[in-house]
Amino acid sequence: MIPQPGPAVADGFGPAPPGAGRGSLGAFLVACGIIEEPALRAALAGQRPGVNLVDTLVGGGHVEETALMRALAEHAGVDYLDLTNHPIDVASARLVSPSMARRYRAIPIGWYEGSLRVAVCDPSNVLAVDDFRTVTGAPIELVVSPPSSIDAAIASCYRVDAEAEQASAEAASSFGGTQSQALAGVREVVEDGPIVKLVNLLIGQAVTDRASDIHVEPGPRDLRIRFRIDGVLQEVMRPPSSIAGGVISRIKIMASLNIAERRIPQDGRINTRINGLPVDLRVATLPTVWGEKVVMRILDKSTALLDLADLGFLADNMERYERSYRRPYGTILVTGPTGSGKSTTLYATLNILNDSTKNVITVEDPVEYQLEGINQIQVNPKAGLSFASALRSILRSDPDIVLLGEIRDRETAQIAIEAALTGHLVLSTLHTNDASSSPGRLIEMGVEPFLVGSALDCIVAQRLARHLCERCKQAYTMTPSELAMVGWDPEALGVLEDPVVVHRAVGCGACGRTGYRGRFAVHEVLTVSEQVERVIVDRGHSEEVLKVALAEGMLTLRQAGLREVLAGKTSIEEVLRVIA
């Protein structure tokens, strides 16, 4: 609801919207009993140039702020909202700059029925409405809020941005050099306040924004900083390149890395506290032509404690997988690209299997999450502790369940397969595109086909898809051409209704205008039956393995993804993005 412009009046506010019939704000306040007419005349007489009636009345103690703003809202024909007890969507607020919010004393607070809701203290300011509409590209709905609550909201929502900008500017002025600065100078600067403050603010903001990774990338003119949120990189700021050396060196010092060595990649870990809570980050540096790129992976400890039921398994896939991990021996492989949640699935499985009657040992590179009651081994190639040597040793430690971080080579694959055949339950990951190509990958590594067929029990391929935002997702009916394009199979998907109604991403303040919020896993669960084992032993191609598995009721990744589309969890576009 947007007030229409009108001629200026003596009290500094425009008239009510057409049809309201309430005249000027001053007359309306008198009529409502908010202020006596003599007091109003006295206030108007003492009104300073450039100061509107609201500030004059409140500042002079003539009226109480809340009563005045309620009357102003009624006069303008819009809702009143006190932001003190109202949640503000920070993503919506950041659609406009802090300076713009302060200039108009107005702030976006969220989305309502497709419009951006903006809290203002002057609903007659048509320039503010036009500017907000232009900058955000969205229809605007106004609500009136007390100036004090708007000021507090602006200070709260833009505090981190303002502090980061200030810290960046201070660091740039104090650094004043280039990335080739002497080592002593770098150490002096990175221990200085602005650099330390900027890095801490970045980590804190990344945690607040639910980011999984922080990318710090030096360039010729600036330092690009991006967050990966729900699997998609989003740029957050570009401080000047003069502070790149200081920022990167500060991160390396926090991760106990060698700041003098800039020619080779390094790996480290940061343990810090943000807002009183412990935060762990895995740090990796990579030399580039403009300096060292740094990626910090934020390790959420709650991920290691997830329940398997919370990972997004479809009911039939969950039943297949549970039959496999409940067996006392065999090999379970989880496959997929980097960042597809393989480790999370294995940790969730271990949380179910781990009890006092079993000896569980893991070999990982690196150990990302420390689990109580489980013996975890960190691979250390420099000391001669590889996956293969560690696995060989732990098999002499009477394990019941063995988790291998990854099967990378023939030796590791051979020992893992033999361990499964000698009465151990082995869980590991493998880099393949789908479940049916995994047996062939092991055979290519040099493991005999009859061993692969005998030891493999279950293969899970997975991808992470973004969850549609529940507040703004929009239903629509798919056309026959769209159904044909995605390979729609009504029988495999169990689709009975016609037409097919699914949802698309729209975008609102709750999801940062992306249309998605959060992620879940899409799974393909291949159980190695006698028929599948026969194909593997005969060195059958992955297409043959797939054909047999489909005949036995397996859902492919795409079919599983499309089922989630039918359930309204994600969109067709997202499934096509993550699943070839």
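## Helix packing in a predicted model

Helix H15, residues 387-394, is mostly covered, with six of its eight residues buried. The model described here is predicted. The buried residues of H15 are Phe387, Ala388, Ser389, Ala390, Leu391 and Ile394.

Gln414 has a relative accessibility of 14%. Buried means under 20% relative accessible area, so Gln414 counts as buried. Leaving aside residues up to four places away in sequence, Gln414 touches Gly446, Val447 and Leu451.

Two packed helices are described by the angle between their axes and the distance between the axes. For H11 (residues 193-208) and H12 (residues 244-254), the angle is about 70° and the axes are 10 Å apart. Angles of 65 to 115 degrees count as roughly perpendicular, and H11 and H12 are therefore roughly perpendicular to each other.

On the H11 side, the contact is made by Ile195, Val196, Leu198, Val199, Asn200 and Ile203. These residues meet Gly246, Val247, Arg250, Ile251 and Met254 in H12. By class, the contact of H11 with H12 has eight nonpolar residues, two polar residues and one charged residue.

Technical notes. Residues numbered from 1 in each chain as written. Predicted model: local features only at pLDDT ≥ 70, side-chain atom pairs only at ≥ 80, totals over all residues. Heavy atoms only, no water. Axes fitted to C-alpha atoms, helices over the stretch in contact; angles between N-to-C directions. Helix = DSSP H or I, 4+ residues; strand = E, 2+ residues; numbered from the N terminus. Parallel < 35°, antiparallel > 145°, perpendicular 65-115°, else oblique. Contact = heavy atoms within 4.5 Å. Nonpolar A, V, L, I, M, F, W, Y, C, P; charged D, E, K, R; others polar. Buried < 20%, exposed > 50% of the residue type's maximum accessible area, 1.4 Å probe, protein only.
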